[in-house]
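Please look over the structure below before reading the briefing. The notes after it are grouped by topic.

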Amino acid sequence: MASRFPDSFKKFSCINCGKCCTLTVKPTNEDIRKIEMLGYDRKRFLRNGNLAKVNGACCFLEKRDGGYFCSIHEMKPKVCRQYPFTNLKNDNLFSCPALRI
C-alpha cells in the first residue's frame, strides 16, 4: 500500500520551535485521564474542553536549552503526538516549519 505522505515527510524531525503548541488542542477523555495520572488537576489544565493556554501557548510548553518542549511529553494528547500529520484536510502539513527545512 502506498504512503499518504511524500518521501520528504518520512524524514520528519521536530525542531522544537513550539509553533504547534499555539494551536487549540481538545484532548480526548483518555488523554485527560493520562494527564491526571501525572498529578495534574483538570481544573488547572482545561479551559472549555481545550488545553489551557498561557501567553498564547499550551500550559505544558516549557522553554529550555534554546528550544520548546512538552512538560508532559510521555503523556501528551494523541493529537499532539501525531502533529503535523493529524489532519490532512487543514494546513498543518504546510504550517509546520520542520516540514519546510
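**Briefing on a predicted model**

Asn 48 is exposed, its relative accessible area being 81% (buried means under 20% relative accessible area, exposed over 50%, and partly exposed in between, with a 1.4 Å probe and protein chains only). This is a predicted model, in which local features need pLDDT of at least 70 and side-chain atom pairs count only at pLDDT 80 or more, while totals for chains, interfaces and linings use all residues. Residues are numbered from 1 along each chain as its sequence is written, and side-chain values use heavy atoms, with hydrogens and water left out.

**Overall layout**

- The chain has four helices and six strands (DSSP runs numbered from the N terminus: helices are H or I with at least four residues, strands are E with at least two).
- From the N terminus on, the order of the elements is α-α-β-β-β-β-β-β-α-α.
- Of the 101 residues in the chain, 27% are buried.
- Among the contacts in the chain with a separation of 6 or more, 57% come from residues 24 or more positions apart (contact means heavy atoms within 4.5 Å).

**Backbone details**

- Most residues other than glycine have a negative phi, and most peptide bonds are trans.
- Asn 48 lies in the loop between β1 and β2, and its phi is near 55 degrees, a positive value in a residue other than glycine.
- Asp 65, in the loop between β5 and β6, also has a positive phi in a residue other than glycine, near 50 degrees.
- Asp 65 is exposed, with a relative accessible area of 76%.
- The peptide bond from Tyr 83 to Pro 84 is cis, with omega near 5 degrees; Pro 84 is found in the loop between α3 and α4 (92-95).

**Helix α1 and its surroundings**

- Asp 31, Ile 32 and Ile 35 are the buried residues named in α1.
- Seen down the axis of α1, its buried residues fall within an arc of 100 degrees, so they line one face of the helix (the arc is that of the directions from the helix axis to the C-beta atoms).
- On the face turned away from the buried side of α1 are the exposed residues Asn 29 and Met 37.
- The cover over the buried residues of α1 includes α2, β1 (46-47), β2 (50-51) and α3.
- Lys 78 lies in helix α3 (residues 78-82) and is partly exposed, with a relative accessible area of 44%.
- The C-alpha atoms of Lys 78 and Asp 31 are separated by 7.0 Å, although the two residues are 47 residues apart along the chain.

**Nonpolar core**

- In soluble globular proteins, nonpolar side chains tend to be buried together.
- The largest nonpolar core has nine residues in all: Val 25, Ile 32, Ile 35, Phe 45, Leu 46, Leu 51, Cys 58, Phe 60 and Ile 72 (a nonpolar core is a set of buried Ala, Val, Leu, Ile, Met, Phe, Trp, Tyr and Cys residues joined through side-chain atoms within 4.5 Å).
- Apart from its neighbours within four places in sequence, Ile 35 is in contact with Tyr 40, Phe 45, Leu 51, Phe 60, Ile 72, Met 75 and Pro 77.

**Aromatic pairs**

- Rings of Phe, Tyr and Trp (its six-membered ring) pair if their centres lie within 6.5 Å; planes under 30 degrees apart count as stacked, over 60 as edge-to-face and the rest as tilted.
- By this rule there are two aromatic pairs.
- The rings of Tyr 40 and Phe 60 have centres 5.0 Å apart and planes at 80 degrees, so this pair is edge-to-face.
- This pair links distant parts of the chain, 20 residues apart: Tyr 40 is in the loop between α1 (29-37) and α2 (42-45), and Phe 60 is in the loop between β4 (57-58) and β5 (61-64).
- Tyr 40 is partly exposed at 34% relative accessible area, whereas Phe 60 is buried at 4%.
- Phe 45 and Phe 60 form a tilted pair, 5.8 Å centre to centre with 50 degrees between the planes.
- Phe 45 is in helix α2, 15 residues apart from Phe 60, and is buried, with a relative accessible area of 1%.
- Ring pairs link Tyr 40, Phe 45 and Phe 60 into a cluster.
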